[in-house]
Amino acid sequence: MSNLKIQKVGEYQYLIPKTYKKGMVVDALIIASQKLVDSMEDEVIEQITNVACLPGLVRYAFCMPDGHVGYGCPIGGVFASRVEDGIISPGAVGFDINCGMRLMTTHLSIDDIKPRIEELVDLLFSRIPAGVGSTGFIKPSKVEFKQIVEKGAEWAVEAGFGRTKDLENIEENGKITHADSDLISNRAVERGLLQVGTLGSGNHYLEIQVVEEIFDPIVSSNFGIHNKGQIVVMFHCGSRGFGHQVATDYLNAFEKKMDKYGIKVRDNQLACAPFESTDGQNYYHAMAGACNLAFANRQVITHRVREVFSKVFGVDDKKLGLELVYDVVHNIAKVEKYEIDGGEVEVIVHRKGATRAFPGQPVILGGSMETGSYLLVGTQKAMQETFGSTAHGSGRTMSRHAAKRHVRGEELQKKMKKEGIYVRSVSYAGLAEEAGFAYKDIHDVVEVLDGFGISKKIAYFRPIGNIKG
Amino acid sequence: MRFKFLDKITADAGFEAYGKTEQKLFENASLALFSLMCDIKRVEPEVKKTVELKRKTLEELLFDYLDELIFLKDRDVMVFSKFGVEINKNNNYDLYIKAFGERIDTEKHSLLVDVKAVTKHMFKVEKKGDHYKATVVVDI
């Protein structure tokens, strides 16, 4: 990043003051190391300072250490707008509403898995639909789909996909109660109807990982991670075409409605409405519905994971200890309360490519498919500093098109196999696009989060098996 | 050149499409969109779907048309490889497109990535000299 207007104000805090751009309501603050700030595109600064111009913002418009260019708001963008007189912005939530991460633990060790890794990955690949045009094995009617939208993971458990206990370990218990399916277009429903239980493509994946390092044995054990060599399963996916259509519908609608509210934004992709207006509330409840669809999706996939492991190891999945550690949301807007200027203020926190990090809450950070992933824990510092928020992963540094020119998918698959990672992908081009060199280093991102104290590292996982769309 | 893919978009994907006429522009933008998702040479133009839209500007028309193609892709589980485009300008732009393709086949179509939305990021339709150019970034 070439901009000299960034002021280093703390070891991991880089400030762009309100004076940088006319209309900024708050300063922008990048939480990062010098190395990560230097590698961020200049456009990230423009985007986060455009975000800082939105009405009703308090404290700072944050960019997390994995921040990179998004649509309107950077991925890794976090801010809070007052409920009373602030706004809600679909572009600052993201197209893939409730794109998120789920982590499951097992009783298995690397010695149990190694002889069967190919069989396991091959069966997961055949049983979990992924990629362009993949359709789910659940074929709901429109009426049933609307129930999924209202009930989220709870619907899935009631339908026989998973256990009631799973819901305790999902953000919002896997169901945002204020969802309203009536506020969602028929078009969005039609897009989503065939996609329940599908993984998607792009940077969505399911990995079998081995615990490589434990940093805090007590917290780790509380989360079900006990030993180095223990096997875990992590997967990343969202609300599919359905969530994207909800986002598109409301983004398009808000663009045309801002004049009515006298709102001007620096980038039309940040189109917004007052949170307490009918328009704002309609999006808030529709977004909740899209979140629920993603929760249901991940719950259905969890069930498939248990089925596959059970088949490969020939025992009931309960004996394999396939339990949820946690499920976190990356793209969402939520009403929360924070201490601001000596008083408690109710705000709508927008997290776009960012994770909630409440004290004691597991935080799951996915790295690239070659570098591994982390489990961290949220802290009181996050509540004080960043509206209870932290990063979500490692963030891209290279375009998909450029990545494909550097490596062919088939070669990458062979290279990864030599390195001990068995990958099955629907698309070789898609695989090449996800090569490790196209991403920031997850260790750099975690060093910032842990150093600044908004999340503390608990365990590090190395991938050994992966399925992708 | 009908279209080319953009190199500098970190998160997702994009293209520039070209055409001497508005019709050719829309045809080439359609081909670019599906070329992001599969090998369109392997898609038989067997099943026809139609899109009819009326918009004030060419930009709104292209945006909503590409959005419609993405919707058809998901609702009907199809990819398309051939397009017959009619655009008439009266007070508005009237679009009538016949899109030909088939149901998505993992074995046959050499699938790439799933395009989930057209975005307004860098989105532009412009006339440059004697031809049109569209810049489109999509969310993957």
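In chain A, the mean position of the 55 positive charges lies 4 Å from that of the 58 negative ones. The model is predicted: local features need pLDDT of at least 70 and side-chain atom pairs pLDDT 80 or more, whereas totals for chains, interfaces and linings use all residues. Residues are numbered from 1 along each chain as its sequence is written, chains are lettered from A and ligands numbered from 1 in the order in which they are written, and side-chain values use heavy atoms, without hydrogens and water.

Chain A contains 15 helices and 19 strands, which are DSSP runs (helices H or I, at least four residues; strands E, at least two) numbered from the N terminus. Of its 469 residues, 67% are buried, that is, under 20% relative accessible area, whereas exposed means over 50% and partly exposed in between (1.4 Å probe, protein chains only).

Helix H13 of chain A spans residues 409-418, and its buried residues are Gly409(A), Leu412(A), Gln413(A) and Met416(A). Viewed down the axis of H13(A), these buried residues fall within an arc of 100 degrees, so they line one face of the helix; the arc is that of the directions from the helix axis to the C-beta atoms. On the other side of H13(A), Lys414(A) and Lys418(A) are exposed. Just after H13(A), Gly420(A) adopts a positive phi of about 90 degrees.

Terms used. Lys and Arg count as positive and Asp and Glu as negative; His and the chain ends are not counted. The place of a charge is taken as NZ of Lys, CZ of Arg, CG of Asp or CD of Glu.
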